[in-house]
Amino acid sequence: NQPMRVPYIPIRCKYCHGNNVIRYGTYHGQQRYWCKDCERKFADNDALPEMQTPIEQVGAAVSMFYEGQSLNSIRRLLTQIYRSYPSDSTVYRWISRFTDKAIINAKDYKPNVGNVWVADETVLKIDGKNVWFWDIIDADTRFLLASRISKTRTTKDAALLMKAAKEKAGKSPEKVITDGLRAYLDGTELVFGADSKHIQGKPFATDDSNTNLIERFHGTLKARTKIMRGLKDIESAKLFTDGWLFYYNYLRPHESLNNKTPAKVAGINVPYH
């Protein structure tokens, strides 16, 4: 019997996708290559360009972070599961880089949401000082349409939140449920106009004025920030909140949605589900 021949698959450059590449030694037992066209080095694994770690491990680290694991805990788990030995700073760089990319990739997705939105604000602590974290969520799909961080709690802040939500959804809601803050009433009229009705929510109401949905979300967010031991500055806070909202919408299944993500329920078909 003739031995079965394995078909030759040419190595392609991770950067320019050309196959004019040559072997370029090994690093930690991993074959490396040199592309003669774009003059860049890369490893023969499933890591993304400019990274040595396979995407599976990086994805696991990002998921663990947004599920509440500390950097030190993530590092220990990666060592146990993958025999990988990253530092805390390396794990944080992964999270920062891929959070940035995820936010950019998701910004043009348009969710198919309902006509009842719930808005609320809560206090987060940054560098020992209180700031306001605002968000607005669709009651039907649980899709978080917009969020923002501010040092003030004014009509302008509420209006900016609602404007971002309107741009994301491509429409105005029929109803906006909020707490009794006057800024929401003024912001609703300013951004959505007379066709959108503002309703002052009641925490334990049985009708559609119930605000428990977004209060549960804020409880989850506050629990997450405790593990981070306090956000250090406005930049890291924005990265964290934007990244966590991406995770909440696109990666985190909800029991109330039959274990689907809000993005899936909102009709967004992306490879993150």
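Biologist: How do the residues of the lining of the largest pocket divide into nonpolar, polar and charged in this predicted model?

Modeller: The largest pocket holds about 550 Å³ of space. It is lined by 20 residues, and those closest to its centre are Ile103, Leu145, Ala146, Ser147 and Asp242. By class, the residues of the lining divide into 12 nonpolar, 3 polar and 5 charged.

Biologist: Which element supplies the largest share of the lining of the largest pocket?

Modeller: At least two residues of this lining come from each of helix 3, strand 6, helix 4 (155-169) and helix 7. The largest share, 8 residues, comes from helix 7.

Biologist: How many residues of strand 6 are buried?

Modeller: Strand 6 supplies at least two residues of the lining of the largest pocket. A residue is buried when its relative accessible area is under 20%. On that criterion strand 6 is mostly covered, and the number of its 7 residues that are buried is 6.

Biologist: Which residue of strand 6 stands opposite Ile136?

Modeller: Strand 5 and strand 6 run antiparallel and are joined by 6 bridges. Among the partners across this pairing, Ile137 has Leu144 of strand 6 as its bridge partner. Opposite Ile136 stands Ala146.

Biologist: Which residue takes a positive phi in the hairpin of strand 5 and strand 6?

Modeller: The hairpin has 5 residues between the strands. The phi in question is near 65°, and the residue that takes it is Arg142.

Biologist: Which strands are the edge strands of the open sheet?

Modeller: The open sheet is formed by 5 strands with mixed pairing, in the order 6-5-4-7-8. From one strand to the next, the twist averages 25°. Each edge strand pairs on one side only, and these strands are strand 6 and strand 8 (197-200).

Biologist: Which element gives the largest share of the largest nonpolar core?

Modeller: This core has 34 residues, and those with the most contacts inside it are Tyr66, Phe217 and Trp244. Elements that give two or more residues to it include helix 2 (71-82), strand 4 (116-126), helix 6 (212-227) and helix 7 (234-251). The largest share is 7 residues, and it comes from helix 1.

Biologist: How many residues has the other core, which lies apart from the largest one?

Modeller: Members of this other core include Ala119, Ile136, Ala158 and Val270. One of them, Ile136, stands opposite Ala146 in strand 6. The number of residues in this core is 28.

Biologist: Is Tyr66 buried or exposed?

Modeller: Tyr66 has its place in helix 1. The cut-off for a buried residue is under 20% relative accessible area. Because its relative accessibility is 4%, Tyr66 counts as buried.

Biologist: How far apart in space are Tyr66 and Thr241, C-alpha to C-alpha?

Modeller: In sequence, Tyr66 and Thr241 are 175 residues apart. In space, C-alpha to C-alpha, the separation is 10.0 Å.

Biologist: Is Asn258 buried or exposed?

Modeller: Asn258 lies in the loop between helix 7 and helix 8 (262-265). Although it is not a glycine, Asn258 has a positive phi of about 55°. Exposed means over 50% relative accessible area. Asn258 has a relative accessible area of 65%, and therefore it is exposed.

Biologist: What is the relative accessible area of Asn259?

Modeller: Asn259 is also found in the loop between helix 7 and helix 8. Its phi is positive, about 60°, although Asn259 is not a glycine. Asn259 is exposed, with a relative accessible area of 56%.

How values were computed: Residues are numbered from 1 along each chain as its sequence is written. This is a predicted model: local features need pLDDT of at least 70, side-chain atom pairs count only at pLDDT 80 or more; totals for chains, interfaces and linings use all residues. Side-chain values use heavy atoms; hydrogens and water are left out. A nonpolar core is a set of buried Ala, Val, Leu, Ile, Met, Phe, Trp, Tyr and Cys residues joined through side-chain atoms within 4.5 Å. Buried means under 20% relative accessible area, exposed over 50%, partly exposed in between (1.4 Å probe, protein chains only). Helices (H or I, at least four residues) and strands (E, at least two) are DSSP runs, numbered from the N terminus. On a 1 Å grid over the protein atoms alone, a cavity is a set of points where a 1.4 Å probe fits but cannot get out, and a pocket is an open set with protein on both sides within 12 Å along at least five of seven lines; lining residues have an atom within 4 Å of a point. Grid points are joined across faces, edges and corners, and a volume is the space filled by probe spheres set on the points. Ala, Val, Leu, Ile, Met, Phe, Trp, Tyr, Cys and Pro count as nonpolar, Asp, Glu, Lys and Arg as charged, and the others, Gly among them, as polar. Two strands pair if DSSP finds at least two bridges between them. Axes are lines fitted to C-alpha atoms, for helices over the stretch in contact, and angles run from 0 to 180 degrees between N-to-C directions.
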